[in-house]
Amino acid sequence: MSDTKITPTFGTGDYVKFFGAGALAATLTHGAATPIDVVKTRIQVDDAMKGLNMVKAARQIVAKEGASALLTGFGPTAVGYLVQGGGKFAGYEFFKKKFIDLTGSQEKATRRRTAIYLGASATAEFFADIALCPLEATRIRLVSQRGFASGLTTGFMRLAREEGLRGFYSGFVPLLFKQVPYAVGQFSVHEAAVEVIYRTMGPERKAKMTQLQSTGVELSSGIVAGVAAAVLSHPADTLLSAINKGAGDPKQGATSRMFSLAREFGFRRLLLTGLGPRIVMTCGLVAGQFVIYAECKRLVGAPPGIEIHKEESLK
C-alpha cells in the first residue's frame with residue numbers, strides 16, 4: 001500500500017468545528033420536529049390511533065391532552081441529538097478520511113467510494129448511538145407513556161432508579177437497526193445525489209457556484225437522502241417505540257424481543273404504519289441538517305469535506 005498522503009490533515013480544532021456544526025444541525029432540526037415525532041410515535045404504539053393520519057392523530061392528542069402534549073420529550077430530544085449529531089457528523093468526517101487513506105490512492109478511493117460512504121456512516125453512527133440511547137429511551141417513555149414523568153431530568157432519574165442500565169440500553173440493538181440504516185441512507189445517498197448534481201453541472205459551473213446555489217445543492221440532495229433514510233430505518237423505528245413502551249416479553253433479549261414483535265406486528269404495520277409522516281419529517285430533518293451543517297462549517301472556517309466523487313460531466 002502506498003504511503004502517499006491522499007487526504008488533507010484535520011487537526012483537533014477541525015473536528016471540534018465538525019462536532020459543533022453537526023450538534024447544532026441535529027439538535028435544531030430534531031427539536032423543531034418534536035411535535036411531528038410525538039404524533040408519529042403515538043400512531044406507531046397507540047392502538048387507539050391505528051389508521052389515523054397525521055392531522056387527525058394530532059387533533060386527537062391536542063383535544064385529550066392539550067397542545068403542550070405535542071412538545072412531550074423535547075428535552076431528551078434536544079440534548080440527545082446535540083450529542084448524537086455532533087458525534088455522527090464529526091465521526092463521518094473522521095472515518096471517511098481514514099477509509100480513504102486505507103485505499104492508498106485517490107483512484108482506488110473513487111472506485112470504492114460507495115463502500116467508504118457506507119462504512120464511515122455506519123461506524124460513526126454506532127459510536128454516536130452509545131451516547132444517544134439513554135436519552136432516546138427516556139424520550140420515548142415520555143411520549144408513549146403519559147404521566148411517566150414531567151420532563152427530561154425526572155424521566156431520566158425515574159428510568160435510572162427503576163430499571164438502571166438495562167432500562168437505558170434495552171433498546172440499543174433496535175436503535176442500531178434504526179439509526180445505522182438511517183445514517184447510511186442519509187450520508188451515502190446524499191453523497192450520491194451531490195455527485196449527480198455536480199456531474200450534471202460540469203466542473204466549470206461547479207467552480208462558479210454562488211452560496212445560494214450551494215445551499216440549493218445541499219437542500220435538494222438532502223431531501224432525496226431523507227426519503228432513503230426514512231424508508232430504511234422505519235421498521236426498526238416502529239419496533240424501538242414499542243420496546244421502550246414495554247411491549248414484548250421482557251425476559252427475552254433485545255434482539256429476540258425485536259424479532260418476536262416483528263412477527264407479531266406483521267409486514268404491513270411494520271413497514272407502512274406511520275411511514276408517510278416519517279418521510280415528511282425525515283426529509284425536513286436531513287435536508288435541514290445538511291444545510292445548517294454546511295453553513296455552520298463555513299461560518300467557523302472549518303475545512304470542506306473530502307470529495308471522492310467522479311468528476312466527468314454527465315452532459
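**View 1. Right-handed crossing of helices α1 and α4.** In this predicted model, helices α1 and α4 cross in a right-handed manner. The axes of α1 (residues 12-32) and α4 (residues 74-103) come within 7 Å and cross at roughly 140°, and the two helices are therefore oblique to each other.

View 2. Lys-97 is buried, with a relative accessible area of 7%, whereas Asp-101 is partly exposed at 26%.

**View 3. A salt bridge between Glu-136 and Lys-178.** The closest N and O atoms of this pair are 3.2 Å apart. Glu-136 lies in helix α6 and Lys-178 in helix α8 (residues 172-201), so the pair ties together parts that are 42 residues apart in sequence. Both Glu-136 and Lys-178 are buried.

**View 4. A salt bridge between Glu-163 and Arg-141.** The closest N and O atoms here are 3.0 Å apart, and the pair links distant parts of the chain, with Glu-163 in helix α7 (residues 152-169) and Arg-141 in helix α6, 22 residues apart. Glu-163 is partly exposed, with a relative accessible area of 33%, while Arg-141 is buried at 8%.

**View 5. A nonpolar surface patch formed by Phe-126, Phe-127 and Ile-130.** Together these residues have about 280 Å² of accessible area. Phe-126 is found in helix α6 (residues 113-144) and is partly exposed, with a relative accessible area of 35%.

Terms used. Residues are numbered from 1 along each chain as its sequence is written. This is a predicted model: local features need pLDDT of at least 70, side-chain atom pairs count only at pLDDT 80 or more; totals for chains, interfaces and linings use all residues. Side-chain values use heavy atoms; hydrogens and water are left out. Patches are made of residues with over 30% relative accessible area and no salt bridge: like charges are joined within 9 Å, nonpolar side chains (Val, Leu, Ile, Met, Phe, Trp, Tyr) within 5 Å. Accessible areas come from the Shrake-Rupley method with a 1.4 Å probe; for residues, only the protein chains shown count as cover. A salt bridge is a side-chain nitrogen of Lys or Arg within 4 Å of a carboxyl oxygen of Asp or Glu. Helices (H or I, at least four residues) and strands (E, at least two) are DSSP runs, numbered from the N terminus. Buried means under 20% relative accessible area, exposed over 50%, partly exposed in between (1.4 Å probe, protein chains only). Axes are lines fitted to C-alpha atoms, for helices over the stretch in contact, and angles run from 0 to 180 degrees between N-to-C directions. Angles under 35 degrees count as roughly parallel, over 145 as roughly antiparallel, 65 to 115 as roughly perpendicular and the rest as oblique. A crossing is left-handed if the near helix is turned anticlockwise from the far one by less than a right angle, and right-handed if clockwise.
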